[in-house]
Structures are given as structure tokens and as C-alpha cells.
Amino acid sequence: MEILNGFATLFSTPDALAYTALAAVLGVVIGSLPGLTVAAAIAMLVPVTYYLDPLAALSFLYVIGKAGRYGGSISAILFNTPGTTASVATIFDGYPLARRGDARRALRTSTVASMIGDWIGDAILIFGAVIIASWTSSFGPAEYFGIYMMAFLIIGSVVGKSILKGLLAIAMGLAVAMVGLDPITGQPRWTFGHIELEGGFGLVPLLVGLFVISEIMVQAEQSLRGTAPIAFPKMSNRGLTLRELFRLLPVIGRSAIYGAFIGMMPGLGSSVAAFVAYAEEKRRAGPDAGWGEGAIAGVAAPEAANNAVNGPSMIPLLTLGVPGTTVAAILMGVFLIHGIPIGPTIFSAAGDLVYGLFAAGVLGVLLYGITGWFFGPAIGRLVSLVPTRYVYPTIFLVTVIASYSVRLNLFDVYVMMAAGLLGYVMRKLEFPTAAFIIAFILAPGAEESLRQSLLLSRNGWMIFLTEPVAAGFLAVGMLVIAVRTIVKLRQRPGPADIDARPG
Amino acid sequence: MSRKIIVQASRLDQAPPDTREASVRSSDHWTGLVIAISGVALFAMTFNFTITEEGLVGPRFGPRVISGLLVLGGVLLAASPWLSPRMPDEDHRSAGADDEPRSLRVLPVVLGLILVGFAYAFMTRKVGYDLSTFAAAWAVLAIFRVRSVFRITAVAAGLALAMHVLFLEVMGLFMPDGRWIDLSWIWS
């Protein structure tokens, strides 16, 4: 089995092994810090990986993503503040458990559920990705253009509250990506005569600016309101018993399946998975099961689901070259930086690397589970003691040098700050920054596949309708937009309903 | 069919959702206009591309399509406050008035961070990495309301030292020397 070769590759690469272990611990700590999203942290750490072996670099960032999603549950349970958006649903039952002294039980439930959910997701990734890749390996430029358009339409319409704003964010990302020299003719486009813009905008400065600098601005805004010291709850020694664990297994299994399925869909992500799993399992449990008041199943369901997203979210990235989540988009950037072609050919061109990455993911889950099981409360205590007014200035300084280190050019720092302001404004106006960055990453491939298709075509634009697979992808994208629009219109209050709303 | 009211959990201590939504919708009009005007400007710039289409598409095609979409989307967004039904308590003036004091307090903080970032990059070439990092750290700590001047100075100095050791000495990153002042002689 290829995955065994992957483990062999991982264990024969000491750097990759060491960085996987480091990422498991670091990811849990980062995830438990309220306000610093996992995507932002990964974006900030990308430059650190430039000089690493590709497997070490990818393993480091991939496992941070996994561990970070789990780590968010620590502050959700202990402090009623989710460390990541994926942990919001964990608060509903996790914090009540902590308030009555059962924080350790909640933390251990979260640990076990996250591990099992993550491993189920990894199994689906390992066995599913290669099957899908074998189908997509025969695709040509027309099919790829269909895939890119489908991704733009789905991500633009699903991510964020407003379809129009999502699509506008996609358009803005595409526009920013076109700044620079045309890849075929070398024609300068929108460079305003500046030589620094001829190479286009760097991915890392944009990523770091959009996600990290904008978050620092939000945190600085928060500091105006003042923050009360975080109180660490009293904790009994009561943990999770084996009997309780066996009773939770069906909940964990079902939730992991919800999470894995949602993880494969571009644009949905771990927070949607967590809420869907929580709502569905609460409905199954019935009104007398105590959900919302400290039921451990209410911690297990969202945690299993949000971590089960990790593996399957890599499937569209590895098989189609389309990142469905922000973390996947960042990882795609890392693949490109290291010269590894993304798409179905990756299994033949870099199979050892891919399966080594899968193995790192599986091992990383074990390591973050051990970290969380034994040190979860200690990490929570550390988070409560470190004031964020020192953390964010430190992060600010690190981001500046991270952006500079890409091309050793201070111009990238200016780009990062401008992107930070743009990201802050987008957040305030409810434009999805994830859609913007995914469009930025996919734009070159989309334009190249469009132009190649038309060069090869005898029928001009009709090639996208005469090629059935390309037409199918375009139709799926249009269908998703149509369905989302209809759902949105139905959700809107009509004049008669406005008076009926409570309050 | 009963309608579900979806409550979005938010960590931020903000104005009530209704007021915030009204504020966002009132700004959609101006945001849409800015986007549409930007789209028009970008489209106009495509006429300066000296190499044009070869065959069906060329270097000008993508930029023109995208800028056209920005114009279209911007116009739709600008018109959206009139196209969408309104909540009964939605009053753009009152929503704006509630937000003004908040916006006025937040603006200096946000712009201050931007200014610090740009100044940091600019001053690195003038006074070197160590001094510019110390100054930037000092400024950002002040923005984050660390009160004691002594504490700010001490932490800023510590951060500048830590950054130098980690990135320049351990990782071997090259930073440009300062043209006016340069402290790199301390480390050599």
C-alpha cells in the first residue's frame, strides 16, 4: 500500500519528522490563542519553510492546520472564547462543563473526538484522492477551465453572507492577480510604470497582510474596549471513562462523516461542519438529552466534524488543483514555491511526497492528541497568563520580516500593509477574504487554460459547451449559484413577515 | 413554513446585529460606487496595452472581462440598498450616528498601524533594522495600550534584540544597512 511507503518516506526524512512533531505542539498552542486564526498563523509561517525540504515544509504547515483546529477547543471550553471559528459550536456544551468543574472531562472528550474525526478524514483522503485523481488525469485545458470557473462560482456564492460580495471578492482577487507581465506575451498589465509591479504581487505578502495584519487591526480595535483578565476555571480530576467513550463512538463516527463530506466541498469549511454536526446530533438526541447544558456528546460532535474536514479538504486541491479552503490555498502556494505541480499528475510526479504528507498528517494527529491529553489544561493556563497586548505587537514584527524575506525586497512590506488595510476593510464590509485569495491563486491557471483551450479549439468558445466534462463543471457552478440565490431570496423577510419577527 | 432566524455567534463586542447590518448596508452603496469607478478606471487603462489580442484572446482580454465584472458588480452593490427589503427599525441616519463615535476612535488606531508599517519599511533603509524595529515595536505596543513608558521601552528593546538574534544571526537573513545610522558594527 502506498501509504506504508509514505510512512517509510516520512521516517527516513528526519527534518520532516521533527517538523511534524513541532507542528503538532505549536499548532495546539496557536489554535488555543483567541483571535489568531489558523490560516493567519500558517500564512505567517510560510517564509520559515522556504529553505526546508518540501516534505518537511508541507508537513509542518499541514499538521499546524490540523492541530490548530483541535487547539481552538481549549479556549472554547475553558474561557468561553473559541480559539478558531471552527470551535464556536464547542462552546455550547464545553463551557457549561467547565463552569461546573468538569473542564478536564470536556478537554479529553474534545481530544479523543478530534483525533478519531481527523483519522476518519485522513482515511477518506488516502483512499479517495487517488481514485479521483485517476479520473481527472485525462483532463485537458478546456476541462481545467471548467473546473476553475466552477470553483470561482461555488466559492464566490458559498463563502460569506452575500453572493454578490462573494463574487465581487473573486473578481477583485482576479484583478490583483493580473497585475504584472502577461505570461505569454510579456505585456505589462496595470503596472502603472513601476518596475516592482512587473513581477506581480507576491503571494506571501498578500496572504500575511489579508489574514494577519487585518487581524492585528481588529485586535487593536478590541483593545480600545479594554479586556478583562481571563479567569482560569477550577478543574476536578474527573476525566473521560472508557464506558463514556464507547457511548460517544456513534456520535463521533456520524459527525466525522458529516465533516468529511462538507470538507470535500469547496468553500464550506470546518465551522460549517461543526455546526451541521452539532445541530444534527442534537436533533437525534432529543430535547431531554441535556444538550446546551454540558452534554459531553455536545463537545464530541462538533470537534469530530471540524477535524474530519482536514483530510478531505485536500482532495479538490490534490486532484483538481482547486483549493477549497483558505488553509488549502496556502498549502497550494507552498507546493508552487517548491516547484511541485498541483493536480492529478501529482500522484505520479511526486507520489512519495504526497503519501509522505498523508503519513505526516496521520502521525501529527497522534502527536497533537498526546499533547492535548496531557498538557491541554497547562496550555489553557499559558493562554490565560499571556496578555494579547504583547502577543500581537510581536506577531506584527514577525509578519514584517516574513514578508521581506520572500524576495528580500522592502516593497513587499508595503504590499503587506496595503493588503492588511484591504483585508480589514473587507472584513468590516463583509466581503470574504478567503474568496479573494483563492481567486488570486487560481487566476494564472484559469487564464492559461482559457487561452490554451481557445488555441486548440476549432469551434472557438463553443469548446466549453462541446466538451461534456467542461460543460458539466460550468453547469454545476451555475446551478450552485442559482440554488444559493433562490435560497437567499426565500430567506428574505417580505413585507408581511417583517411585522411578525420577534422583538 | 416558519422562518429560522440564524444567530451568528460572534466573539466581538459589537453593536446589536440589526444596527451593524444597517450600517453595512448603508455603506454598500458607497462601496459599490468605489468598485464600479475602479472598474471603469482599470478598463480605461487596458487601452494602453501595446500588445493586443492574438486570435480570440490575448493579454487585454482577461483584464477587460474582470474590470467589466467589477463595474457590473459595483453598480449592483451600489443599488442593493434600494433593491433589498428593509427592516422596520432600519434608519440609516441613526445607524450612522451610533457608529460615528466608534469609527472616530477606531480610525486613528487602524491608520496608526498602517503608518507604523510603512514607516518601519521606510526607516529600515535609513537607520537600519535594529533601530527601526525598536521604534516600530514601541509604537505598536503604545497602540495596544501598554501604559508604562518604562515597560514599553523595555519590551520594545527586548523584541528588537530577539528579532535580530533569531532572524539575522540564527537564520542568516540579510537586511539592508541604514544610510543615516547603522548599528550592525555592534554584531561584527
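Residues are numbered from 1 along each chain as written, chains are lettered from A in the order written, and side-chain values use heavy atoms, without hydrogens and water. As the model is predicted, local features need pLDDT of at least 70 and side-chain atom pairs count only at pLDDT 80 or more, while totals for chains, interfaces and linings use all residues.

Between the two chains, 77 residues of chain B are in contact with 68 residues of chain A, contact being heavy atoms within 4.5 Å. Together the chains bury about 6,600 Å², 75% of it on carbon and sulfur atoms; this is the accessible area (1.4 Å probe) that two parts lose on being put together, summed over both. The rule finds one salt bridge across this interface, defined as a side-chain nitrogen of Lys or Arg within 4 Å of a carboxyl oxygen of Asp or Glu. The side chains of B:Asp28 and A:Lys165 form a salt bridge at 2.8 Å, N to O. On the chain B side, helices α1 (17–45), α2 (61–83), α3 (92–143) and α4 (149–170) each supply at least two residues that touch chain A. The most, 22 residues, come from α3(B). Helices here are DSSP runs of H or I with at least four residues, numbered from the N terminus.

A nonpolar core is a set of buried Ala, Val, Leu, Ile, Met, Phe, Trp, Tyr and Cys residues joined through side-chain atoms within 4.5 Å, and buried means under 20% relative accessible area (1.4 Å probe, protein chains only). The largest core has 194 residues, of which A:Phe335 and A:Phe396 touch the most other members. Helix α4 (residues 54–79) of chain A gives the most to this core, with 15 residues. Beyond its neighbours within four places in sequence, A:Phe396 contacts residues of both chains, including A:Ile213, A:Met417, B:Leu113 and B:Tyr120. A separate second core of nine residues includes A:Ala142 and B:Val57.

Helix α7(A) has 16 of its 18 residues buried, so the rest of the structure largely encloses it. Just after this helix, A:Gly160 has a positive phi of about 90 degrees.

A:Ser313 sits in the loop between α12 (297–308) and α13 (315–320) of chain A. At 5% relative accessibility, A:Ser313 counts as buried. Its side chain reaches the backbone oxygen of A:Asn310 at 2.8 Å.

Technical notes
Buried means under 20% relative accessible area, exposed over 50%, partly exposed in between (1.4 Å probe, protein chains only). A polar contact is a pair of N or O atoms within 3.5 Å; within protein, one must be able to donate a hydrogen and the other to accept it, and residues adjacent in sequence count only if both atoms are side-chain atoms.
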